[in-house]
Amino acid sequence: MNAYSEGLHVPASAGQARPVPLAPRGPEPKQRLSPGKPARYGTLLGPALLLLYWGVLSLTGWLDPRILPAPWTALTTAIDLIREGRLQENLAISAWRALTGLGFGVAVGVVLALVSGLSLLGGYVIDGLVQIKRGIPILALIPFMILWLGIGEAMKVTLIATAVFFPVYINTHNALRAIDIRTVELAETVRLSRWQFLRYVVVPGSLPGFLTGLRFGVTSSWLALVVVEQLNATSGIGYMVTLARNYAQTDVMLVGLVLYALLGFGSDALVRYLERRLLSWRRTLGR
């Protein structure tokens, strides 16, 4: 290999070839069709504009506080609820319900997606049943859940897990079935064991779909939590909002609404961060 192939320049008058580095490259040309380099906290721009818009309308009187209290009213009410201990107590119970249901839903969704995606018989049995259930709304299951499991925590966690299961299963299953058949043929050619096939082919191939399903699943867990905490609950953020509705406490209702929004936004941001770390090898439009 000569010096020019290494990106070096050799003077003609030199008695001995001494590599001299070329001038450093300039900045990479900007991609015309690319959305550009993402900002570090760019995702906060939308919520910040919404908060600003809300505050301006409240300050100028265009927004009736009886319809929607001002943001500083919600902040003051939240501080009072924290001092009383009500907010953190109800938040801890709601978080336990959501995380428990999320854990069960993700575990069952991944296991059944693997069985259905890697087995022809499993696909016939499991995937067909899942597709039938997709047409049944979660709310329609509530009377049966109450009949089977009662009105306690088991019913609430099971309903949340059911809501989480479907996006995790469907996205993971689709990613498994989308693995390139040439990759499978290569794995057979080099005689990978079943465990090696799962580790080096199945997991990397299904990980993008699983993380997409996890994002939907996390959001579904909070949405299902809102529903189940309206059903004969005696604790949780939903119970706090329902109690405030009975007493026309719009500021407390607003605190619960904002809290649900922050929990959903924060958990989605956490999954997106996890996605960037686990899929750092991909070069995509969103980088």
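User: How exposed is R86?

Analyst: Buried means under 20% relative accessible area, exposed over 50%, and partly exposed in between, using a 1.4 Å probe and protein chains only. R86 is partly exposed, with a relative accessible area of 31%. This is a predicted model, where local features need pLDDT of at least 70, side-chain atom pairs count only at pLDDT 80 or more, and totals for chains, interfaces and linings use all residues. Residues are numbered from 1 along each chain as its sequence is written, and side-chain values use heavy atoms, leaving out hydrogens and water.

User: Which residue forms a salt bridge with R86?

Analyst: A salt bridge is a side-chain nitrogen of Lys or Arg within 4 Å of a carboxyl oxygen of Asp or Glu. For R86 the partner is E84, with the closest N and O atoms 3.5 Å apart. E84 counts as exposed, at 52% relative accessibility.

User: How many salt bridges does the whole structure have?

Analyst: A search finds 5. One of them joins E153 and R97, whose closest N and O atoms are 2.8 Å apart. E153 lies in helix α6 and R97 in helix α3 (residues 86-118), so the pair ties together parts 56 residues apart in sequence. Helices here are DSSP runs (H or I, at least four residues), numbered from the N terminus. E153 is partly exposed at 33%, whereas R97 is buried at 1%.

User: Where is the kink in α6?

Analyst: A bend is the angle between axes fitted to the seven residues ending at a residue and the seven starting there. In α6 a kink of about 25° lies at F165, shortly before the proline P167. Of the 25 residues in α6, 19 are buried.

Methods:
Helices (H or I, at least four residues) and strands (E, at least two) are DSSP runs, numbered from the N terminus.
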